[in-house]
Amino acid sequence: MKKLLSPARGVLAAALIVGMAVPAQAQLRDALNTGEQATRRAEQVQEQINQLDDERTDMVREYRTLLQRRDAADLYAKQQELVVASQREEIASLTEQLGSIDDITAQTVPMLLSMVDDLKAFVAADLPFKKEERQLRLEALDGVMEKADVTPAEQYRLIMEAYQAEMEYGRTISTWQEEIDLGGNPTTVDMFLYGRVALVYLAPNGKAARFNRATGEWEALSGKYTNDIRKAIRVAQAKAQQDVLFAPVQKFTVQ
């Protein structure tokens with residue numbers, strides 16, 4: 001037969017049960033709080049670990065970059081050493097060449113002066129055409145050779161230009177007017193140069209003459225040359241078409 005609890009005993013039993021449940025719930029809450037704190041702490045630690053790992057990765061990357069820069073700097077330094085060595089060799093070579101410039105100049109200047117003297121001698125022995133023009137050219141060369149600020153290279157260039165001008169006279173025909181003395185009277189005549197074959201003139205009165213290399217004087221030409229000389233002058237003046245020109249050639253010898 002079941003025993004029934006009295007109301008007083010029931011109240012006491014419920015109170016005992018409630019008294020026992022309150023501490024258990026508190027312990028459970030404490031345990032849950034502790035777990036949550038541990039979880040948050042673990043998350044913080046993991047975040048720190050991740051941050052440290054990122055920093056380590058960045059440091060490794062920066063270290064490798066520094067190594068590459070160091071290798072590049074070493075390679076550049078070695079290359080520059082080769083460049084410096086080459087420049088030193090070039091400087092030594094240039095220094096040696098500069099030391100020989102005085103010797104070269106000492107040999108060049110006499111040669112240039114000799115070339116000018118030879119050109120003067122050639123002009124003096126040549127047909128007496130355009131004497132003023134040619135004399136001015138020779139005087140200009142003398143002036144150039146006396147100037148200290150003109151380099152030997154420039155002196156040589158000007159001398160060669162003078163030689164070239166003289167060579168052109170021998171390859172071309174030309175005509176110009178010039179005043180000469182005819183019978184004691186100054187007369188303007190038409191000069192004509194057949195290269196270096198002959199130098200003639202045609203006077204206003206139609207008479208012609210040729211310069212004689214042997215005597216150094218003008219000698220009269222027969223009338224048969226007058227038309228040929230007049231034609232040659234017109235060709236040189238571009239007043240007539242080019243044609244075969246006949247010149248009063250004189251025999252001469254070159255010594």
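Predicted model: local features only at pLDDT ≥ 70, side-chain atom pairs only at ≥ 80, totals over all residues.
Let's start with the overall layout. The chain has four helices and five strands, and going along the sequence they come in the order α-α-α-β-β-β-β-β-α. Of its 255 residues, 20% count as buried. As for contacts between residues at least 6 apart in sequence, 47% of them join residues at least 24 apart.

Now look at helix 3, which covers residues 152-171. From first C-alpha to last, its 20 residues reach 29 Å, close to the 28 Å expected at 1.5 Å a residue. Its buried residues are Gln-155, Ile-159, Ala-162, Ala-165, Glu-166 and Tyr-169. Seen down the helix axis, these buried residues fall within an arc of 110°, so they line one face of helix 3. Over on the other side of the helix, Ala-153 and Arg-171 are exposed.

Next, the nonpolar core. The largest one has 13 residues, and the members touching the most others are Phe-129, Met-191, Leu-199 and Tyr-201. Strand 1 (173-182), strand 2 (185-194), strand 3 (198-202) and strand 4 (208-212) each put in at least two residues, with strand 2 giving the largest share, three residues.

Methods. Residues numbered from 1 in each chain as written. Heavy atoms only, no water. Core = buried A, V, L, I, M, F, W, Y, C linked by side-chain atoms within 4.5 Å. Buried < 20%, exposed > 50% of the residue type's maximum accessible area, 1.4 Å probe, protein only. Expected span 1.5 Å × (residues − 1). Arc of directions from axis to C-beta. Contact = heavy atoms within 4.5 Å.
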